[in-house]
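Here are my notes on the model you sent. Please read them with the structure open.

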Amino acid sequence: MTRPVDFMLGELRGQLLRMARLSEEILQKSLAAVRERDAAAAQQVLQDDLAIDRMDVEIDKEVLHLLATQAPVADDLRRVMAGKMMANDLERVGDLARNIAKSAMRLCTGDSASAPERLLQLGEQSQLQLRRAVESFERDDAELARRVLRDDDQVDRDQDQVVRAAIEEIAQHPEASSQGVDFVLIAKHLERVADHATNIAEYVILATEARNVKHADKLSPQAPAPGNAS
């Protein structure tokens, strides 16, 4: 027999997936604006982000209504709370896409160089991390979520390389420092997108396996104590 809470959880899930798709779309659009020097696409991202903000507010209302009327426990409560936290991360992805779009608009002015290939590759990696995290939620696939967690370190390393290269370019060509700063900012935003994808993957594991893996590496008994790392 279908419970009222099942219907409400289904509605919440549908809202989250729509929000996730829009977050993916505007991230893709913001990166296309960087790659193609497309000011119109960048401007559209700024408008699309408002839609994500509105969806975040609606999901807040749904969660509060569900908690107040159904008093969910155990598995149901985990899914509600995981959904609420996921919405927060998707809203932040929208903000980061907006920030990337602002950099794209600045890069559209003047005779700026093309975006470095490493930066564009980092964009593809961050998009893939977000796509896999959303898919893991859509499928209740904890193993795919764990893959997102494993791949996050590589995104961090690649972001470091992009930032170092941009800083070296600024030192060698100070006349182009403004565009170099934007490349650094974009790389930082992309690394944060991957972090939010990691958070979503952690929520999927929490909801599907009742396991909290947040900060698992740092908090494990084998982890070195602060100040004692070799």
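1. Start with the second largest pocket. Its lining has 15 residues, and Leu 9, Arg 13, Arg 79, Phe 137 and Asp 140 lie nearest its centre. The space inside is about 230 Å³. Helix 1 gives the most to this lining, with 5 residues. Helix 1, helix 3 and helix 6 each supply at least two. A pocket here is an open set of points on a 1 Å grid over the protein atoms alone, where a 1.4 Å probe fits, with protein on both sides within 12 Å along at least five of seven lines; lining residues have an atom within 4 Å of a point. The volume is the space filled by probe spheres set on the points, which are joined across faces, edges and corners.

2. On provenance: this is a predicted model, in which local features need pLDDT of at least 70 and side-chain atom pairs count only at pLDDT 80 or more, while totals for chains, interfaces and linings use all residues. Residues are numbered from 1 along each chain as its sequence is written, and side-chain values use heavy atoms, with hydrogens and water left out.

3. The protein chain has 7 helices and 0 strands. Helices (H or I, at least four residues) and strands (E, at least two) are DSSP runs, numbered from the N terminus. The C-alpha trace spans about 65 × 50 × 25 Å along its principal axes. Of the 230 residues, 44% count as buried, meaning under 20% relative accessible area with a 1.4 Å probe, protein chains only.

4. Which residues have the most contacts inside the largest nonpolar core? They are Met 86, Leu 119, Leu 130 and Leu 190, in a core of 64 residues. Such a core is a set of buried Ala, Val, Leu, Ile, Met, Phe, Trp, Tyr and Cys residues joined through side-chain atoms within 4.5 Å. Leu 119 touches Val 162, Phe 183, Ile 186, Ala 187 and Leu 190, leaving aside residues up to four places away in sequence; contact means heavy atoms within 4.5 Å.

5. Helix 2 (residues 39–70) reaches 47 Å between its end C-alpha atoms, close to the 46 Å expected. The expected span is 1.5 Å times one less than the number of residues. Its buried residues include Val 45, Asp 48, Asp 49, Ile 52 and Asp 56. Helix 1 (4–36) and helix 3 (74–107) are among what covers the buried residues of helix 2. Just after helix 2, Ala 71 takes a positive phi of about 45°.

6. Helix 6 is mostly covered, with 24 of its 33 residues buried. Ala 210 follows helix 6 and has a positive phi, near 55°.

Key
Buried means under 20% relative accessible area, exposed over 50%, partly exposed in between (1.4 Å probe, protein chains only).
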